[in-house]
Amino acid sequence: MVSRKRVVVAGLGDSGVLAAIRLARHADVVAISAKPGLLSGQELGWRLSRPEQWARVNWIPFDRFRGLDRVRIVHASLTRVDLTTRTVFAHSADGSEVAEHYDALVISTGVTNGFWRQPTLQTATEVDTELRMTHERLATAESLIVIGGGAAAANSAAQLATTWPDKRVDLYFPGERALIHHHPRTWDRVAGRLTDLGVRLHPRHRAVIPAGFACDQITSEPVRWSTGQPPASANAVLWAVGRVRPNTGWLPEELLDEHGFVRVTTDLRVPGHPDLFAVGDVAATDPLRTSARNRADALLAHNVRAAFAGKPLRHYQPPARRWGSVLGPLPDGLEVYTSHGRAFRFSAWTFHKVLLPLVVGWGYYHGVRRNDPQLAGAPEGTSAQ
């Protein structure tokens, strides 16, 4: 009898969970995660303004994923990898060292971005406390500034204005338009929706980021601009400026590009290491690192199996522009934008009753158990891009 191969999945964020679920049907999978559940980095504004609703679909304990039932999950912080012995090392919460051997290693450790995407080892209680405290910080502010020109900034401005219509919400971004990696039509429509929600838009404002400031906290000091405008003030300032840093400090430098992301070929393998794969925000597939949002988990799982069987691998083809939801779920539903800037609207009922439970919950995650033990047999949705 041929023994099953062992795959170690390093990192269980959005991409890692999906990859682990697909691989678990064909190999013995061990996954190492600094969090005790899927703590999605998506939908920042929803997370800040309505954390309880956001958590129902974006902060999911691993034991609720049916597809992870066959995956052995290790709650630990990655420290290093020995490429010669094919062993990944990590430290658990009690300080003990964990060592896991692999036949294939999938690197999906993501990036650090602001206070909402950190690689620190946390318990469920610590995550819940952080969600509550950040929400309360914004709830008590009368005026809010969001700085950034990407989807996280636009999402945050829209969700904050929707939840607290009496607050002043200003969005500042450096260019003539925000969402420069989306089709121009996408920004035209998003800008209109933001304006309708009462968000004040401020193009051509490039913030001066203080020396040593990692943009990982909400501030209240006046914001200064290198583009010459007078300083702007608010009770709370949210920095969503896209200063992402790859979580690759545990990896040898030979695997990384000049920015610290994992170098990969078009088949998602690390050059010179046929037993190493990478997917998600940590993988340098293209300038936008789009494998995090284009279901590359399916391609990766296929290629890991093909590599074990000595069969040809498939190639990842990144889209030219970003696509997907920008503003997130609003009271009138969810808008999804194509790479050509066209918008498709899902009503609120369709989003919550069809898209989440059926397309995402079952189609992507192969079933998510409800939090209520009495409803454990029923499906529940979660979110992914």
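Tutor: In the protein chain, the mean position of the 45 positive charges and that of the 36 negative charges lie 6 Å apart, where Lys and Arg count as positive, Asp and Glu as negative, and His and the chain ends are not counted, each charge being placed at NZ of Lys, CZ of Arg, CG of Asp or CD of Glu. This is a predicted model, in which local features need pLDDT of at least 70 and side-chain atom pairs count only at pLDDT 80 or more, whereas totals for chains, interfaces and linings use all residues. Residues are numbered from 1 along each chain as its sequence is written, and side-chain values use heavy atoms, with hydrogens and water left out.

The protein chain holds eight helices and 21 strands, which are DSSP runs numbered from the N terminus (helices H or I, at least four residues; strands E, at least two). Its radius of gyration is 21 Å, close to the 21 Å that the globule rule gives for 385 residues, so the chain is as compact as a globular protein of that length; the radius is taken over C-alpha atoms, and the rule is 2.2 Å times the number of residues to the power 0.38. Of the 385 residues, 52% count as buried, meaning under 20% relative accessible area, with exposed being over 50% and partly exposed in between (1.4 Å probe, protein chains only).

In soluble globular proteins, nonpolar side chains tend to be buried together. A nonpolar core here is a set of buried Ala, Val, Leu, Ile, Met, Phe, Trp, Tyr and Cys residues joined through side-chain atoms within 4.5 Å. The largest such core has 35 residues, and those with the most contacts inside it are Val-7, Val-9, Val-17, Leu-23, Val-106, Leu-300 and Tyr-365. At least two residues of this core come from each of β1 (6–10), α1 (14–23), β2 (28–33), β8 (104–107) and α7 (296–309).

Val-7 shows how such parts meet: beyond its neighbours within four places in sequence, Val-7 is in contact (heavy atoms within 4.5 Å) with Leu-23, Ala-27, Asp-28, Val-29, Val-30, Ala-104, Val-106, Val-304 and Phe-308. For the whole chain, among contacts between residues at least 6 apart in sequence, 62% join residues at least 24 apart. There is also a second, separate core of 33 residues, which includes Ala-158, Ala-161, Ile-218 and Tyr-337.
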